[in-house]
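Dear colleague,

I am passing on the structure below, together with some notes on its aromatic rings. Please read the notes with the coordinates open.

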Amino acid sequence: MPLLAQKIELRPTPEQADYLNRACGARRHCYNQLLAHFSQEGVKWSKAAAYEYYMRVLRVEFPWYAEVSSRVTRNAIDDLDRAFKNFFRRVKAKAKKPGYPVFKKKDVNDSFAMREPSKFDVEGRTLRIEKLSTRIDMRQKLRFTGKTKQATISKKAGKYYISILAVTEDYNPHAPDKESVGVDFGIKSLAVLSTGEVLPENQSLKKNLRVLKRRQRNLSRKVKGSRRRAIAKLKVAKLHQRIGNQRQATLHELSDKLTREFKVITIEDLTVSGMVKNHHLARAVSDAGFAALRRQIEYKAELRGVKVVIADKWFPSSKMCHACGQVHDMPLSKREMACDCGSTVDRDLNAALNLNQYGLDALKPDLKRASESCKTVSLLAA
């Protein structure tokens, strides 16, 4: 059974919002105290040592931890353990920037997790949390039923959200009926399909850029620590959130369309970190969200039984003529592929056609094995 998560906005009362703020603060404080202790020279990290330090020192020194559910601060140990494991993994892989765990900041990705189903429950459009006497209203009901595994409550731009993870069978896969498609991601257009369909770029950041600049300039003029600066900071955060929501909606619509309609999807292995080094394209590349789009396509394809083929990053999808296979010199300024064979086609559509063929060629061994196994089964049945 698949694990599905749904994110829902909460509508807390002032008293409930105060509890959520204190829970976020307790988790952040516990995380930072543990990180400070285990960053000292000669103190080695281990989850067991962290739990012992948490019980013997932190809960004694900071009794206000008990004002919220004990799992709020206890789960901070798991979060820091995951951060250290990722750091050690990157060190082992000899990464240039292994990314040592950093301290949490107030009002920056504030959240806390309830990973024990007994500590929370959802009933209709209300949420119960341990040590909170009243139920919190939710903006909508859960769209699926099943056994809840964990809940993560976060605060962003002055609003509260809950992400509920559950094991469910309610997911409707909507099996696709079309065979295959090649998808060329771009800046001019978000994506061009081998079917000839062009999906426009995400304009959310571009449309709001002037307003964003004005609000950021207004924020920079405010005195640090003042009430007016806090108001200006919240306005900037709300605009960033709206832009992010618009971007996510665009990516979800595209990934849902592809995995709903096609049985085989072939995309490029884009090196986003290299693309953003071009200062002329960095903002557009970041706003397009190629990495997030790939992640969404892959997990939705797995749920729907769709095959995703990732073309090698050195595959000359834009430089090779889809009709005859001849490779041409194609600078970014050249928007049309005109081949000696007589084929003339848009640069992005040509790349999408090449990607579609790449995916079909890559799956030929699998299709051949599947065909042979079907023949064997039919012979045995006869």
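What follows concerns aromatic pairs and charges over rings.

This is a predicted model, in which local features need pLDDT of at least 70 and side-chain atom pairs count only at pLDDT 80 or more, while totals for chains, interfaces and linings use all residues. Residues are numbered from 1 along each chain as its sequence is written, and side-chain values use heavy atoms, with hydrogens and water left out.

A search of the whole structure gives 13 aromatic pairs (rings of Phe, Tyr and Trp, the last by its six-membered ring, with centres within 6.5 Å; stacked if the planes are under 30 degrees apart, edge-to-face if over 60, and tilted for the rest). Phe84 and Phe88 are a stacked pair, because their ring centres lie 5.9 Å apart and their planes meet at 25 degrees. They are 4 residues apart in helix H3 (residues 70–92), and therefore about one helical turn apart (helices, H or I of at least four residues, and strands, E of at least two, are DSSP runs numbered from the N terminus).

Phe84 is buried at 2% relative accessibility, whereas Phe88, at 44%, is partly exposed (buried is under 20% relative accessible area, exposed over 50%, partly exposed in between, with a 1.4 Å probe and protein chains only). Phe84 also pairs edge-to-face with Tyr100, at 5.7 Å between centres and 85 degrees between planes. This pair links distant parts of the chain, since Tyr100 lies in the loop between H3 and strand S2 (110–114), 16 residues from Phe84.

Finally, the charged end of Lys7 sits over the ring of Tyr161, 5.3 Å from its centre (NZ of Lys or CZ of Arg within 6 Å of the ring centre and within 35 degrees of the ring normal).

Best regards
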